[in-house]
Amino acid sequence: MKNKFILFLGLFLSASLTVVAQDNISPARKQAIDSLALEKVKDLSKYIAIIGSKETQFSEANRVMDRAEELFAPGAEMGVSSINTSEIAYYKVRRYFERLMALNYDRVNITWYDIQYISDLERQPDGRYVGVITIYQRFEGTSIETGMNYRDTTKKDITIYVEKKQTQIAGRTIEFWDVMLGDVRVTETSA
Amino acid sequence: MRLTFLIFAFFIAIISSVPGQGIGGPGTIKDDGRFAASTKQLNQFFRRFNGEESVDGNIRFYPGDSLYQNPALRKGFLNILFDNQTSSISPQLKQDFISHVLSQAYPFYLNFQREGWYAEVDTEFFFKGKREKVTLIMKIQPERLGFEWVIDQVIFPPFKNLFNKPVGESKDFLHPLSHELGFMNLRRAFQDSNLPESFTASSYKPDYLSIFLYEMKQNNLRFDTVSGVKFHFFQIGGWYFEVNQFNRPGFNTGWLISNLVRLGPGDKETILKYIYDQD
């Protein structure tokens, strides 16, 4: 009886350990998730450059806005502040893109610095993981009529949500890690 | 040992030259080192403080990696984690702190999930139509499967003078035989007095957070914006430091230590009381 109890306890503990192990993200897994998250951020950067470009047709810009919106979790917001004010102005992602498209410059050039920083992933109460990717963007806008040039460099801290999901392929259940973008903090830098 | 170092150096060289690591690929702007030097996230402050990432921040070190929490790496990082332009931390105090943290016998590390650090968040609300500054003291706590930030205290000036309980002769009271009259004299406390707090126990302390939440539920308070964030750390035994974000030109930027205090007996409680009460 005692032996059976020990065997049962052993099985229970090993099952529990397996569950815990599944919930942890190994360094190798983290690296794979980082790459996936960076791909999404790269896509976002590409879309922002297209939306902001004056050469982009209205219909094309709208199509790209749809694609860009799909990268984000529902309800995601952009929080924007400038050097002059520490206050944050909040925009829904779509509204932020629309404002970007409506900028009154004849020429707009959006480029990115070759540096990014990816945080650790922390688990939130619902079991999903959350992280932040930081990138830097340079914006240059020229107005031919007024001859005005505007240039700024912004730091973008982009929330990423990481979640384990399941899909059925040929009758088999395959688990995979999915990444969605969340709120973005946009800060003007002194660079 | 030398072979390990060579392999490590070679590995770093390969990693750093992997194409496609950057955001935009061709056409990206080369950082002149300022953004790389900047402590870009508080997460990076933790990692640098603990010596858990490479100098360029591209490689995360884990337990078992040869450079994980390496003292020499940490020393280099700790020196750049201070605001060297505006803070008045003396070089000697800074060196004492670094020596304490890097103690061979008992080195100190920061831990994201452990208690002993707080966020002080400056915000602006509209209170009954008027814009007011509100400071929230926040901390990390475990919750179900993970962690969450929670509001631990609120500092809201309009509440501060609401409960100035009088002391001494100016304090009104309910006499000790009030019970014999069925407390009929409560009328004095609630109708005739503008200071009903006079009739509370000596131990009474107003709970500003509950009042704040109540006012919000009554739609008297509406959130507007966040205007500033800083962090208070008590995780290093015998020391307190404050971390602020510095957005300025140069290489000494990002999240940096702006205030450092060696704690004597009772100092921690005094500083915590100051943070929580802002008196």
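Predicted model: local features only at pLDDT ≥ 70, side-chain atom pairs only at ≥ 80, totals over all residues.

Reader: What is the mean pLDDT of chain B?
Author: The mean is 90, and 90% of the residues of chain B reach 70 or more. pLDDT is the predictor's confidence in each residue, from 0 to 100. The model has ipTM 0.84 and pTM 0.86.

Reader: And where in chain B is the pLDDT below 50?
Author: Over residues 1–22. Beyond near neighbours in sequence, that stretch has 11 contacts in the model, a contact being two residues whose C-beta atoms, placed from the backbone, lie within 7 Å.

Reader: OK, the fold. How many helices and strands in chain B?
Author: Chain B has nine helices and six strands. These are DSSP runs numbered from the N terminus, with at least four residues of H or I for helices and at least two of E for strands.

Reader: In what order do the strands sit in the sheet?
Author: The order is S3-S2-S1-S4-S5-S6 in chain B, in an open sheet with antiparallel pairing. Two strands pair if DSSP finds at least two bridges between them. At the edges are S3 and S6 (254–262) of chain B, each pairing on one side only.

Reader: How many bridges join S1(B) to S4(B)?
Author: 11, with the two strands antiparallel. One of the residue pairs there is B:Glu124 with B:Thr225 in S4(B). S1 (residues 117–127) of chain B also pairs with S2(B), over nine bridges, and B:Val121 stands opposite B:Leu136 in S2(B).

Reader: What about S4(B) and S5(B), how many bridges?
Author: Four, again antiparallel. B:Phe231 faces B:Val243 in S5(B) as its opposite number. Their hairpin has five residues between the strands, and B:Gly238 in the hairpin takes a positive phi near 85°.

Reader: Which residues other than glycine have a positive phi?
Author: Among them are B:Arg144, at about 45°, and B:Phe183, near 55°. B:Arg144 lies in the loop between S2 (130–143) and S3 (146–155) of chain B. B:Phe183 is in the loop between helix H6 (157–160) and helix H7 (186–192) of chain B.

Reader: Is B:Arg144 buried or exposed?
Author: B:Arg144 is exposed, because 11 other C-beta atoms lie within 10 Å. B:Phe183 is exposed too, with 11 other C-beta atoms within 10 Å. The cut-offs are 20 or more other C-beta atoms within 10 Å for buried, 12 or fewer for exposed and partly exposed in between, with C-beta atoms placed from the backbone. Of the 279 residues of chain B, 18% count as buried.

Note on methods: Residues numbered from 1 in each chain as written. Chains lettered and ligands numbered in written order.
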